[in-house]
Amino acid sequence: MTLTISLKKGMTHPEIKILQQILNKDPETQVSASGVGSIGMETNYFGSLTEKAVIKFQTKYGIDPIGLVGPMTRARLNSL
């Protein structure tokens, strides 16, 4: 599971499901505790729940918390 493109709110792409799966591995950055976006129910859509989880991830790892998965965020996600 490797992220190769920048991802942002409003996008639909297969890599968003990978993003959500990575975020869901850590309770601190979980997309959702239940329902859409939760473990086993990840989607290809980058909505507000995914954006909030990305911001939590960026804050945790000292990356500017803008909610966009750019090169720095992508590199850190891929290293996990």
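Modeller: Before we compare two helices, a convention: axes are lines fitted to C-alpha atoms, for helices over the stretch in contact, and angles run from 0 to 180 degrees between N-to-C directions. This is a predicted model, in which local features need pLDDT of at least 70 and side-chain atom pairs count only at pLDDT 80 or more, while totals for chains, interfaces and linings use all residues. Residues are numbered from 1 along each chain as its sequence is written, and side-chain values use heavy atoms, with hydrogens and water left out.

Biologist: How many helices and strands does the chain have?

Modeller: Helices (H or I, at least four residues) and strands (E, at least two) are DSSP runs, numbered from the N terminus. Here the chain has three helices and zero strands, and the pattern read along the sequence is α-α-α.

Biologist: What radius of gyration does the chain have, and what would a compact globule have?

Modeller: The radius of gyration is taken over C-alpha atoms, and the globule rule is 2.2 Å times the number of residues to the power 0.38. For 80 residues a compact globule would have a value near 12 Å, and the chain, with 11 Å, agrees with that. The C-alpha trace spans about 30 × 25 × 20 Å along its principal axes.

Biologist: At what angle do the axes of helix H1 and helix H2 cross, and within what distance do they come?

Modeller: Two packed helices are described by the angle between their axes and the distance between the axes. In this chain the axes of H1 (residues 14–24) and H2 (residues 48–60) come within 11 Å and cross at roughly 50°. Angles under 35 degrees count as roughly parallel, over 145 as roughly antiparallel, 65 to 115 as roughly perpendicular and the rest as oblique; H1 and H2 are therefore oblique to each other. The crossing in which H1 passes H2 is left-handed, a term used if the near helix is turned anticlockwise from the far one by less than a right angle, with clockwise giving right-handed.

Biologist: Which residues in H1 meet which residues in H2?

Modeller: With contact meaning heavy atoms within 4.5 Å, Leu-19, Gln-20 and Leu-23 in H1 meet Thr-50, Ala-53, Val-54 and Phe-57 in H2. The residues of this contact divide into five nonpolar, two polar and no charged, where Ala, Val, Leu, Ile, Met, Phe, Trp, Tyr, Cys and Pro count as nonpolar, Asp, Glu, Lys and Arg as charged, and the others, Gly among them, as polar.

Biologist: How many residues of H1 are buried, and what covers them?

Modeller: Buried means under 20% relative accessible area, exposed over 50%, and partly exposed in between (1.4 Å probe, protein chains only). H1 is mostly covered, with eight of its eleven residues buried, among them Glu-15, Ile-16, Leu-19 and Leu-23. The cover over the buried residues of H1 includes H2 and helix H3 (71–79). Ile-18, also in H1, counts as buried because its relative accessible area is 19%, and beyond four places away in sequence it touches Met-1, Thr-2 and Leu-3.

Biologist: Turning to the segment before H1, is Leu-7 buried or exposed, and is Thr-12 buried or exposed?

Modeller: Leu-7, in the segment before H1, is buried with a relative accessible area of 0%. Setting aside residues up to four places away in sequence, Leu-7 touches His-13, Glu-15, Ile-16, Leu-19, Phe-46, Leu-68 and Val-69; Leu-7 and Leu-68 are 61 residues apart in sequence and 6.2 Å apart in space, C-alpha to C-alpha. Thr-12, found in the segment before H1, is exposed with a relative accessible area of 59%, and with the same exclusion of residues up to four places away it touches Asn-44 and Tyr-45.

Biologist: Where does Thr-29 lie, and which residues does Thr-29 touch?

Modeller: Thr-29 lies in the loop between H1 and H2 and is buried, at a relative accessible area of 1%. Not counting residues up to four places away in sequence, Thr-29 touches Leu-23, Ala-53, Lys-56, Phe-57 and Lys-60. Leu-23, in H1, meets H2 in the helix contact, as Ala-53 and Phe-57 in H2 meet H1.
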